[in-house]
Amino acid sequence: MTVLPALQAELTSATERLLATAASLSDADIAAPSLLPGWTRGHVLTHLAQNAASHINLLTWAKTGVRVPQYASIEARAAAIEAAAAQPAGRHLAGLRDGAARLSAALRDHPGEAWAAPVEG
């Protein structure tokens, strides 16, 4: 794909901004409400960290042809976000860094022909 390098550069830049913002947050900041009704900033950061893993599932499906759903279920997704939302700021940052690194590697190593494979999110 000719657009892939530009998209990867844009994703890297956006991820760096997210990580810098997350690194500046205190535990109190994490517990504060977000702009999403009923979600704290911790909910949002948890969602973003776990979303990286969900996209790796879709990349795996595209690469192997073996159905790997983005999430086990909507209920499991919601429960996982709720369970991790109140963790300390440092744990959120570590989860974001880990998810970003794993997703970046999966995108980098994704075979060219697999980008056209149909998957469902």
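This report describes a predicted model of a protein, from its overall build to two individual residues.

## Confidence of the model

The mean pLDDT of the protein is 94, and 98% of the residues score at least 70. Confidence is highest in helix α2, residues 27-31, with a mean of 98. It is lowest in helix α1, residues 4-23, where the mean is 93.

## Overall architecture

The protein contains five helices and zero strands. The C-alpha trace spans about 45 × 30 × 20 Å along its principal axes.

Contacts across the chain can be sorted by the separation of the residues in sequence. Among those between residues at least 6 apart, 69% join residues at least 24 apart.

## Surface and charge

Of the 121 residues in the protein, 29% are buried. The protein exposes about 7,400 Å², and carbon and sulfur atoms supply 61% of that area.

There are 9 positive and 10 negative side chains in the protein. The centres of these two sets lie 2 Å apart.

## Annotated domain

An unreviewed UniProt entry carries the annotation "domain: Mycothiol-dependent maleylpyruvate isomerase metal-binding", which covers residues 12-119. In the model, this span is 68% helix and 0% strand.

## Residue N51 in helix α3

N51 is located in helix α3, which comprises residues 41-64. Its relative accessible area is 19%. Because buried means under 20%, N51 is classed as buried. When residues up to four places away in sequence are not counted, N51 touches Q70 and Y71.

## Residue P88 between α4 and α5

P88 belongs to the loop between α4, residues 74-84, and α5, residues 89-109. Its relative accessibility is 41%. This value falls between the limits of 20% and 50%, so P88 counts as partly exposed.

P88 can also be placed relative to another part of the chain. A31 and P88 are 57 residues apart along the chain, and their C-alpha atoms are separated by 8.9 Å.

Methods: Residues are numbered from 1 along each chain as its sequence is written. This is a predicted model: local features need pLDDT of at least 70, side-chain atom pairs count only at pLDDT 80 or more; totals for chains, interfaces and linings use all residues. Side-chain values use heavy atoms; hydrogens and water are left out. Helices (H or I, at least four residues) and strands (E, at least two) are DSSP runs, numbered from the N terminus. Buried means under 20% relative accessible area, exposed over 50%, partly exposed in between (1.4 Å probe, protein chains only). Contact means heavy atoms within 4.5 Å. pLDDT is the predictor's confidence in each residue, from 0 to 100. Accessible areas come from the Shrake-Rupley method with a 1.4 Å probe; for residues, only the protein chains shown count as cover. Lys and Arg count as positive and Asp and Glu as negative; His and the chain ends are not counted. The place of a charge is taken as NZ of Lys, CZ of Arg, CG of Asp or CD of Glu. UniProt positions are given in the numbering used here, feature names are shortened, and annotations may be inferred rather than shown by experiment.
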